[in-house]
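Please keep the sequence and the 3D view at hand while reading.

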Amino acid sequence: MSAGADGGGGAAVAVESAEGGPLEDGFVPSALGTREHWDAVYERELQTFQEYGDTGEIWFGEESMNRLIRWMQKHKIPLDASMLDIGTGNGVFLVELAKFGFSNITGIDYSPSAIQLSGSIIEKEGLSNIKLKVEDFLNLSTKLSGFHICIDKGTFDAISLNPDNAVEKRKQYVKSLSRVLKVKGFFLITSFFN
Ligand SMILES: C[S@@+](CC[C@H](N)C(=O)[O-])C[C@H]1O[C@@H](n2cnc3c(N)ncnc32)[C@H](O)[C@@H]1O
């Protein structure tokens, strides 16, 4: 995740390895990898939305959403395909998917404020058929499974920066993904890391 892209102006506190640099895998642990950070970001964004109607940060910009939708168009993904947005944040991508015509969309995030913000934005847009759940993707509590499409825009990045055993968390991410994505499903990821 690049400096300054911290999801709405929150302080990005880098927690480096004992040697003061990135860990062996190249990731520099950061507060961006913690739930406390995202709770604070979305509490603030929720308040801003309630006061001014501002939906907040669009990670990777509008074009990133258009690019994913174009990919789905090109690959003739049916409009009723089941889709899961992992770490949906403010849910703006869910809104774009629904406006395009996708009708079976679920967004999850471990931050209750993010889900509350998503719900408020979706309601303001007059969209009703989007499912939202507070869920930790690394510790799924419900029977989420069988998704045709799983989308991740910045969430694997955040998880990879967790100061507390990120390697294990990345492995858990892959396990959770294999649980929710159906065989021959598609996983679309947008990341700062290439
Ligand atoms: C960089 S933000 C991206 C938000 C959204 N995907 C977007 O494009 O605007 C990362 C998101 O991942 C969420 N997140 C991080 N770890 C998570 C986890 N283990 N389970 C669910 N959500 C998580 C954060 O709360 C935050 O909303």
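## The ligand and its surroundings

A residue is taken to be near a molecule if one of its heavy atoms lies within 4 Å of it. In this predicted model, 16 residues surround the ligand, and the closest of them are Gly87, Asp109, Asp136, Phe137 and Lys153.

For Asp109 the distance to an oxygen atom of the ligand is 2.6 Å, and for Tyr42 the distance to an oxygen atom of the ligand is 3.2 Å. In the case of Asp136, the ligand atom is a nitrogen, which lies 2.8 Å from an N or O atom of the side chain. On its own the ligand has 580 Å² of accessible area, and the protein covers 98% of that area. The space that the ligand takes up is the largest pocket, and the elements that give two or more residues to the shell around the ligand are helix H1 (35-52) and helix H5 (155-160).

## The chain as a whole

The chain contains 6 helices and 5 strands, which follow one another from the N terminus in the order α-α-β-α-β-α-β-β-α-α-β. Of its 194 residues, 46% are buried, and the chain exposes about 9,800 Å², with carbon and sulfur atoms supplying 52% of that area. Among the contacts in the chain with a separation of 6 or more, 73% are between residues 24 or more positions apart.

## Two residues in detail

Leaving aside the neighbours within four places in sequence, Thr106 is in contact with Met83, Leu84, Asp85, Leu94, Lys131 and Phe147.

Lys124 belongs to helix H4 (residues 112-124), and with a relative accessible area of 60% this residue is exposed, since the term applies over 50%. When neighbours within four places in sequence are left aside, Lys124 is in contact with Phe49 and Gly53. Although Lys124 and Gly53 are 71 residues apart in sequence, their C-alpha atoms are 9.2 Å apart in space.

Methods:
Residues are numbered from 1 along each chain as its sequence is written. This is a predicted model: local features need pLDDT of at least 70, side-chain atom pairs count only at pLDDT 80 or more; totals for chains, interfaces and linings use all residues. Side-chain values use heavy atoms; hydrogens and water are left out. Helices (H or I, at least four residues) and strands (E, at least two) are DSSP runs, numbered from the N terminus. Buried means under 20% relative accessible area, exposed over 50%, partly exposed in between (1.4 Å probe, protein chains only). Contact means heavy atoms within 4.5 Å. Accessible areas come from the Shrake-Rupley method with a 1.4 Å probe; for residues, only the protein chains shown count as cover. A polar contact is a pair of N or O atoms within 3.5 Å; within protein, one must be able to donate a hydrogen and the other to accept it, and residues adjacent in sequence count only if both atoms are side-chain atoms. On a 1 Å grid over the protein atoms alone, a cavity is a set of points where a 1.4 Å probe fits but cannot get out, and a pocket is an open set with protein on both sides within 12 Å along at least five of seven lines; lining residues have an atom within 4 Å of a point. A molecule sits in a cavity or pocket if more than half of its atoms lie within 2 Å of its grid points.
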